[in-house]
Structure formats: structure tokens, C-alpha cells
Amino acid sequence: MTDEPLRIGVLGAARIAELSIVGPARLTGHRLVAVAARDRSRAETFAAEHDVERVLDSYADVIADPEVEVVYNPLANGLHGPWNLAALAADKHVLTEKPSASSTEEAIEVRDAVAKAGTAFMEGFHYLFHPVTRRLHELLDSGELGELRHVETTMVMPAPEDTDVRWSLPLAGGALMDLGCYSLHAQRVLAPWAGGAPRLVAARGGERPGAPGVDEWLDADLEFPGGATGTARCHMAHHEWQFSYRIVGSLGEATAVNFVQPHLDDRVLVRTATGERTEILGRRSSYTYQLEAFAAHLRRGTPLRLDADDAVATMRLIDGCYQGAGFSPRPRTVLPTSA
């Protein structure tokens with residue numbers, strides 16, 4: 001085993017990649033070997049700004065590059081599944097933005113491809129690796145909050161432009177896919193303290209004006225085997241930003257003020273019978289913790305907290321929410337044969 005730097009290939013020149021892979025790779029000493037984008041000039045600009053070693057002509061070229069061992073996929077939601085499958089078929093390790101696919105059916109195909117390839121696969125729920133989220137779980141573990149009674153996860157933000165791909169049904173857009181997947185996943189990972197994974201009780205949603213079939217907002221009510229309840233909320237045309245995670249127990253409660261962006265606000269607010277306090281957990285990027293965890297798995301065999309089975313379970317809950325709220329699951333994208 002070695003701590004040799006990871007050799008990462010990036011699909012696309014999306015802005016999110018600057019926060020999610022460029023900064024973390026620079027801080028942790030990993031190599032950005034190659035990048036490609038639909039517009040080569042964008043890839044060239046991205047490479048020049050972020051010290052990527054070379055620009056290739058297509059996503060397929062990045063995947064085929066023999067020096068690339070890890071493929072990072074930050075493309076539009078509808079392109080996660082097909083390009084994850086392509087990377088796995090080339091026996092590459094994959095770190096993908098969430099969700100890993102457009103539907104449960106496609107997520108299962110990705111999981112099967114992971115098993116066949118024998119490579120590492122992780123869906124980018126980066127929040128899970130940050131001390132903010134770990135602290136919420138520690139408070140449950142310690143018993144300070146008592147037995148879990150209720151969970152509220154809220155992901156709301158002002159609307160992106162109408163032309164944004166997040167409003168595109170063919171590209172698997174919608175508030176639940178972009179934001180609500182965090183709300184649902186953060187509830188799912190509480191299974192160890194709740195007697196098991198939550199089940200969907202009810203879902204409600206509203207369609208984006210001018211975007212038929214695309215959810216502008218969606219709320220889900222959940223129930224855990226141990227009796228705790230959950231409310232998962234997402235809204236992609238709200239008047240403010242709020243990414244909060246509130247856990248209520250029989251003896252107290254704790255709230256992460258911004259669990260998805262702890263680099264902006266790392267507070268955990270704790271309230272029990274003994275009083276109230278604010279814990280400060282550090283503003284180091286959750287993406288940096290995530291890349292460290294992925295590298296530790298590849299180089300030292302450290303177990304991953306996220307895998308393809310977890311991705312399927314999350315996607316199944318997403319599809320259930322869509323159906324419960326009167327929407328159809330997202331369509332899958334089929335790549336052209338020349339891709």
C-alpha cells in the first residue's frame with residue numbers, strides 16, 4: 001500500500017468542480033491528470049486556471065486515458081448514469097456527483113457494473129465526512145439527546161436561471177434531484193439510531209412554471225422502524241438559502257445550521273435540559289474530507305461509508321417521493337453511439 005497521489009480525470013469544466021475536486025486535490029496533493037468538455041476552449045481555460053495536466057477531446061478520451069485511475073463526474077444529473085457506466089466498463093474508480101443515476105433502474109445497473117469491474121465507486125454526499133455531520137451522530141451515540149424522535153432536513157435556495165440544466169427534465173432535473181437527495185440521504189444515514197431505514201409516508205410537490213414534469217419543490221414525510229418521524233424538504237425557487245439538519249431526541253435537540261456547506265457556517269446548536277451551547281466544528285471543506293476518505297480507501301484499504309448499494313437505496317427513495325407527489329421518475333439519458 002502507498003500514499004501515491006491519485007490520478008484524476010475530470011468530465012466537464014463545471015464550476016462546481018472548482019470547489020468539489022480542484023481545491024481538495026490541490027490541498028491534499030492529488031493530480032488532476034486530464035479534463036474534457038463539450039467546448040474544448042472551456043476545458044483549456046479550466047486546465048490553465050487549475051493546473052490540469054492535459055486537455056483531451058472528449059469525455060470518452062478521459063475515460064480511456066491509461067494514466068487516469070479515478071474518473072470524477074460532475075456533469076448534469078442525466079449524464080451521471082451513462083458516464084458512470086462508461087467509466088466502470090473501462091475499469092476506472094468513480095467519484096460521482098449525486099445522484100449516481102436518473103432512476104432506480106439505472107442505479108441498479110451502475111451497482112451491477114461496480115460489482116463486475118471490482119473498482120471503487122462513491123456517490124458524492126460529501127457532507128457525511130465533515131465534523132459537523134459526524135458531531136450530530138456523536139450526540140446521538142453518546143445518549144446526550146436521548147432516543148431519536150424526529151428529524152428535519154431542509155434544502156432550500158433561490159431559483160437558478162430558467163435556462164439552467166437543473167430545470168431540464170431530459171437531463172433529470174428538479175428540486176428533489178438537485179437538493180432533496182441531500183435531505184433524504186441525511187435521514188437515511190440515521191438508520192443505526194432509528195431501528196432501521198426510514199419508509200416514505202407521504203410526499204407533496206409543485207411543478208416549475210414553464211417546465212412540465214419538473215418539480216420546483218417537494219416535501220416528504222418519513223417514518224423510522226423505531227417510531228421516529230422525519231420531514232425532508234427541498235425548494236429550488238425559495239426566497240432564501242437554508243441547508244439545515246435538525247435532530248430531536250427525547251432529552252434534547254441539535255441543529256447543524258448549514259450541513260451541506262459547513263465551509264460557510266460550521267455551527268452546531270445543541271439544546272438540552274442543562275442549557276444551550278454552540279459548537280464550532282471547523283470550516284475546512286467537506287469536499288476535502290471526502291477526497292481524503294476516497295484516497296484512503298484506494299491507497300490503504302480504509303472502508304468507505306458510501307457505496308453503490310447506498311446509491312441504489314437513495315435513488316429508490318427519490319423515485320418513491322416522485323411517484324408519491326404525482327411526478328414521474330426522471331428519464332434516463334442514452335448517449336449517442338459516437339460519444
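**Pockets, a cavity and packed helices**

Biologist: How many nonpolar, polar and charged residues does the lining of the second largest pocket have?

Modeller: In this predicted model, local features need pLDDT of at least 70 and side-chain atom pairs pLDDT 80 or more, while totals for chains, interfaces and linings use all residues. Residues are numbered from 1 along each chain as its sequence is written, and side-chain values use heavy atoms, leaving out hydrogens and water. Ala, Val, Leu, Ile, Met, Phe, Trp, Tyr, Cys and Pro count as nonpolar, Asp, Glu, Lys and Arg as charged, and the others, Gly among them, as polar. By class, the lining has five nonpolar, three polar and two charged residues.

Biologist: Which elements give two or more residues to that second largest pocket's lining?

Modeller: This pocket holds about 160 Å³ of space. Its lining includes L148, R149, W193 and A194. The elements giving two or more residues are β7 (148-156) and α8 (191-194).

Biologist: Good, and which residues lie nearest the centre of the largest pocket?

Modeller: About 1,400 Å³ of space lies there, and α1 (16-28), α4 (80-89) and α7 each give two or more residues to the lining. By class, that lining has 29 nonpolar, eight polar and nine charged residues. Of its 46 lining residues, those nearest the centre are A14, I16, P74, R166 and D178.

Biologist: Which element gives the largest share of the lining of the largest cavity?

Modeller: The whole structure has one cavity of 30 Å³ or more. Its lining residues are L176, G180, S183, L184, L218, A220, A232, R233 and C234, and they divide into six nonpolar, two polar and one charged. Elements giving two or more of them are α7 (175-188), β9 (215-223) and β10 (229-235). The largest share, four residues, comes from α7.

Biologist: How do helices α5 and α10 run relative to each other, roughly parallel or antiparallel?

Modeller: The axes of α5 (residues 104-117) and α10 (residues 308-324) come within 9 Å and cross at roughly 175°. That makes α5, relative to α10, roughly antiparallel (over 145 degrees).

Biologist: Which α10 residues do T104, A107, I108, R111 and V114 of α5 meet?

Modeller: Contact means heavy atoms within 4.5 Å. The residues of this contact divide into six nonpolar, one polar and four charged. On the α10 side they are A308, D309, V312, M315, R316 and D319.

Biologist: Last one: which strands are the edges of the open sheet?

Modeller: Six strands form the sheet in the order β3-β2-β1-β4-β5-β6, with parallel pairing (at least two DSSP bridges between two strands). Within it, five bridges join β1 (residues 7-11) to β2 (residues 31-36), and V10 has V35 in β2 as its bridge partner. Pairing on one side only, the edge strands are β3 (54-55) and β6 (121-123).

Definitions and conventions: Axes fitted to C-alpha atoms, helices over the stretch in contact; angles between N-to-C directions. Parallel < 35°, antiparallel > 145°, perpendicular 65-115°, else oblique. 1 Å grid on protein atoms, 1.4 Å probe; cavity = no way out; pocket = protein on both sides within 12 Å on 5 of 7 lines; lining within 4 Å. Points joined across faces, edges and corners; volume = space filled by probe spheres on them.
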